[in-house]
Amino acid sequence: MITTLLIWLFKNYVAPALKKRNIKLSVFVDPLKKLATLLALICFSGTSLAQEQIVKYNVLHGGKIVGHMDLYQKHEGDNLYLKMISEVKMRFIMSINVNIHEESVFQHGKLISSSVCRNVNGKEKANRQTKVCGDTYQTLAEGKCGPRVEQKNISQNLMLLYCHEPDDNAQIYSDNFQQFLQVKRVSDHMYRIDLPDGNYNFYSYSNGVCSKVDIHHSLYTIQIQLA
């Protein structure tokens, strides 16, 4: 757009003025071409950077902000990299500081690898990975090999639920529990997922993006909301 505007201005205003003064157009045309090329490269670079995005969430307990969560997305062609970092500080009988670091790599819509690392008060409580291995996936938990996931293609995991609204009854892979969980639609743009440990979450969406997650644990209830 900027390049087109420069060319139009040159043709309609600069060129006629130069002709009246008998100045050769080539003196200005070559630099203008170089400038147009530079601007095109800058615009292209800006388009590439637009493929990276950070979405920020607040974590609330009892109506008060007790933590934060950042979701980082990077698109490169058909590849997608996701990283989620959260920190929550709560007090029950004692102070609890929870840090969670999650990553997922997708290629052509297929999960290639994922990891979940959870620390509580500075001590590692979970360290789990899922990696593609031939026509299946190999799981690891706390440094030990776990069972294989007999699935050729995992196309959705829980991290992706923050990026777009799921289909009703979709099977979503949990990187933490290392198994598939079912999504149940409970109302317009709201879905429920029951977890293997007896807890459950509600995911709410606005304009196709996750705007709130209600986490119902046996000991507490917290909300994750768009900042």
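Guide: Start with Asp194, which is partly exposed at a relative accessible area of 31%. Here buried means under 20% relative accessible area, exposed over 50%, and partly exposed in between, with a 1.4 Å probe and protein chains only.

Visitor: What kind of model is this, and how are residues numbered?

Guide: This is a predicted model, in which local features need pLDDT of at least 70 and side-chain atom pairs count only at pLDDT 80 or more, while totals for chains, interfaces and linings use all residues. Residues are numbered from 1 along each chain as its sequence is written, and side-chain values use heavy atoms, with hydrogens and water left out.

Visitor: With which residue does Asp194 form a salt bridge?

Guide: A salt bridge is a side-chain nitrogen of Lys or Arg within 4 Å of a carboxyl oxygen of Asp or Glu. Asp194 forms one with Lys184, and their closest N and O atoms are 3.5 Å apart. This pair links distant parts of the chain, with Asp194 in strand 11 and Lys184 in strand 10 (residues 179-187), 10 residues apart. Strands (E, at least two residues) and helices (H or I, at least four) are DSSP runs, numbered from the N terminus. Lys184 is partly exposed, because its relative accessibility is 36%.

Visitor: How many salt bridges does this rule give?

Guide: The count comes to seven. One of them joins the side chains of Arg185 and Asp188, at 2.5 Å from N to O. Asp188 counts as exposed at 59% relative accessibility, and Arg185 as partly exposed at 44%.

Visitor: How does strand 11 pair with strand 12?

Guide: Two strands pair if DSSP finds at least two bridges between them. Strand 11 (residues 190-194) and strand 12 run antiparallel and are joined by five bridges. Asp194 stands opposite Tyr200 in strand 12. The hairpin of these strands has five residues between them, and Gly198 there takes a positive phi near 95 degrees.

Visitor: Is strand 12 mostly covered or mostly open?

Guide: Strand 12 (residues 200-206) is mostly covered, with five of its seven residues buried.
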